[in-house]
Structures are given as C-alpha cells and as structure tokens.
Amino acid sequence: MVDYEIIATGSKGNALVLNNSILIDLGVPWKAIKGVSHKLQLVILTHKHGDHFNRSTIRRLAQERPTVRWCVPEWLVERLLACEVKKRNIDVMEMDKRVSYSFFLSVCPQKTTHNVENCCWHIFIHDNEKGAPVSVFYATDTNSLDRIEAKGYDLYFVEANYTESEITERIRRKQENDEFVHEWEVLKNHLSKESAEDWLYKNMAQHSQYVLLHQHED
C-alpha cells in the first residue's frame, strides 16, 4: 500500500503527500510543507481556490526546488506561471486521458462540478514488490461524483464536507435568527458524508481503504 501523510484538509488548507514524493494540492503555508519539500518530485493540483492553491507557497517551492514537476489541468497553467513556475516544469493534462510519467507512475484527471473549474485525480503508483500498480483516487470540492468511476481502487481520498442532518439543522438555526445562510453554497459546491459513502460503497472492493477529507469545521 502507498504511504501517505495528510498535511492539512479543510477550508483552512489542503495538502496530501503520497510516498514522500507526490504532493496533491498545495493550499497551505510554506512552514507546513517545509519538512517534506526536499523529497518532493511531483505536485498535482486541482483548482484555483486558495485553500488548494497557495500562491506564496507555490512560488517558494518553485524557487527552492526548481526540478519539481507540476501536473495540472489547463486552467491552472497561467496561475502557475504567475507564481514563477517555469513553463518547462509544467505538465498540462487532458481530462479523461491517462498519462505515464515513467514506469512507476501514471495519472488521469476527470472534471468535477464546483463553482470554479476543478478536477479529481486517478493516480497509479507501481509497487515493485507486487508488480501491479497501486491505484489511488482523490476528489474534493465537488457536489457530486455520480459520473465518476474508480472501481476496485486500493486507496480513496474523498471529501465528506457535512452530514445531511447537520447541515439541515445549521440552515434551520440561521433562518430562525435571520442570519446569512452560507450553507446553501456548501450544498451547491461540496459533497456530503452520505453521498461520499454511497459512492465509495459502489466503487470499493474488499481490499480497498478510504479516508474522508475536507470535513466541516465551525
């Protein structure tokens, strides 16, 4: 199985490291990744929101580690260039197309619904002991995975931002107090725990493991 470290998850920042060398999302301050930055070989990004795309941290990583490659959808290219990431280090991925980096790694993005352009990632890392790739799925900041399949993967990282009963109660309380109901936006842009677990149930195999991400914090 792939080693992983969740550096941060949630509205205050997101960053996840696989096998000490692959970073997924970079929405945290530099000090949060400083301890692992020297081992990173590849950074995979999803969308432009600051809790997934911290411009100052991206700029510093590009400066400190000029050989790191950046694996991104086309909508993040200009933003990376503005952070002084060298164009030659940026690998632009097409949606639904699996691309091999080398014999030990391949990736495939798929577009997901959000209030900005966003994608999930299918990542395949070869384990020398088994010979077959270890399959990893990563998805946050979306209100639905209904059109996405990742059957029988080894490891899933999936958003579970709220429970339906919890958010219903939060909306009720705010409406009673004539407060602004931010939760309507949450419903439109994030995945509930129930929806995440339903999708996982349809995709997981007996050997699969999962981690729920981006859970709500008051």
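**Figure 1. The exposed face of helix 6 in the predicted model carries Tyr201 and Lys202.** These two exposed residues lie on the face turned away from the buried side of helix 6. The helix spans residues 193-203, and its buried residues are Ala196, Trp199, Leu200 and Asn203.

**Figure 2. Helix 2 has its buried residues on one face.** Helix 2 comprises residues 55-64, of which Thr57, Ile58, Leu61 and Ala62 are buried. Seen down the axis of helix 2, the buried residues fall within an arc of 135°, so they line one face. An α-helix has 3.6 residues a turn, so residues three or four places apart point the same way. Exposed Arg55 and Gln63 are carried on the face of helix 2 turned away from its buried side. The buried residues of helix 2 pack against helix 1 (30-33), strand 4 (42-44), strand 5 (69-73) and helix 3 (77-82).

**Figure 3. Trp70 in the largest nonpolar core.** This core holds 47 residues, and Leu45, Trp70 and Ile123 touch the most other members. With residues up to four places away in sequence not counted, the contacts of Trp70 include Ile58, Leu61 and Ala62, together with Leu26, Val43, Leu45, Leu80, Val85, Asn89, Ile90 and Asp91. Another core, of 16 residues, lies apart from the largest one; among its members are Phe124, Phe137, Ala160 and Trp199.

Definitions and conventions
Residues are numbered from 1 along each chain as its sequence is written. This is a predicted model: local features need pLDDT of at least 70, side-chain atom pairs count only at pLDDT 80 or more; totals for chains, interfaces and linings use all residues. Side-chain values use heavy atoms; hydrogens and water are left out. Buried means under 20% relative accessible area, exposed over 50%, partly exposed in between (1.4 Å probe, protein chains only). Helices (H or I, at least four residues) and strands (E, at least two) are DSSP runs, numbered from the N terminus. A nonpolar core is a set of buried Ala, Val, Leu, Ile, Met, Phe, Trp, Tyr and Cys residues joined through side-chain atoms within 4.5 Å. Contact means heavy atoms within 4.5 Å. The arc is that of the directions from the helix axis to the C-beta atoms.
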